[in-house]
Amino acid sequence: MSRYLGSITKKSRRYGFSLLENNMEFSKGKKRTYAPGQHGNKRVKLSNYGEQLVEKQKMMYLYGMNDRQFRRLFLTATKMPGALTLNVFIVLESRLDNLVFRMGLAATRRAARQLVNHGHILVDGKKVTIPSCLIKLGQQIEVVERSKKLPVVLAGTNNPQCNYVDSDRQNKKGKYIRHPERDELPDGINEAYVVEWFNRLV
């Protein structure tokens, strides 16, 4: 399964969850805030399997991954000490594209992935073009000098501040200083269901 490249707004409406983390998909003036489709405004009782699938898909779309990538990162999380439910989030938050977004170097994760893919991002002074690269604590991320005034970079300035990164938005750089706590991460996802989903498969 390839990465989803369609409308994020439609997926947000389907799951009743802001995949952009700013609730803009449900802002006043939007034509519809309920799920897309003829029966989108009707609630359907899901089985336990269905609830697990929905939570897995919400997390997958939030971080912009396909199933294969998500399963690989889940296996990485199982090898870490501590609570697996939090470790899944920690691994996802440690991705380079996510940290570019968290540091306010791009307005969305999609934009952050594009910056990385096109060679606009340095990690500890070296160009990295793999958005899924896992960043270690203490590593520095910055936009290359020639790209600091790109509109896609400047658009990230208004992103909410993130406490587990040290972000210098004026100079377009930041450092991953610690792992996040659960209350610093997106609400609206039941990560225990995500763990249950993958535990059936591995």
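## Charged pairs

In this predicted model, Lys-148 is buried, its relative accessible area being 17%. Its salt-bridge partner is Glu-145, with 3.2 Å between the closest N and O atoms. Glu-145, by contrast, counts as exposed, at 61% relative accessibility.

A salt bridge also joins the side chains of Asp-67 and Lys-56, at 2.6 Å from N to O. This pair connects distant parts of the chain, with Asp-67 in helix H3 (residues 67-78) and Lys-56 in helix H2, 11 residues apart. Lys-56 is buried at a relative accessible area of 4%, whereas Asp-67 is partly exposed at 25%.

Arg-95 and Asp-97 form a further salt bridge through their side chains, at 2.8 Å from N to O. The salt bridges number 8 by the rule applied.

## Nonpolar core

The largest nonpolar core has 46 residues, of which Met-59, Phe-70, Leu-96, Val-100 and Ile-141 touch the most other members. Helix H2 (residues 48-63) supplies the largest share of this core, 5 residues.

Setting aside residues up to four places away in sequence, Leu-96 touches several residues, including Val-116, Ile-121, Pro-131, Cys-133 and Ile-141.

## Overall architecture

The protein chain contains 8 helices and 5 strands, arranged along the sequence as α-α-α-α-α-α-β-β-β-α-β-β-α. Of its 202 residues, 45% count as buried. The chain exposes about 11,000 Å², with carbon and sulfur atoms supplying 50% of that area.

Among contacts between residues at least 6 apart in sequence, 59% join residues at least 24 apart.

Conventions. Residues are numbered from 1 along each chain as its sequence is written. This is a predicted model: local features need pLDDT of at least 70, side-chain atom pairs count only at pLDDT 80 or more; totals for chains, interfaces and linings use all residues. Side-chain values use heavy atoms; hydrogens and water are left out. Helices (H or I, at least four residues) and strands (E, at least two) are DSSP runs, numbered from the N terminus. Buried means under 20% relative accessible area, exposed over 50%, partly exposed in between (1.4 Å probe, protein chains only). Contact means heavy atoms within 4.5 Å. Accessible areas come from the Shrake-Rupley method with a 1.4 Å probe; for residues, only the protein chains shown count as cover. A nonpolar core is a set of buried Ala, Val, Leu, Ile, Met, Phe, Trp, Tyr and Cys residues joined through side-chain atoms within 4.5 Å. A salt bridge is a side-chain nitrogen of Lys or Arg within 4 Å of a carboxyl oxygen of Asp or Glu.
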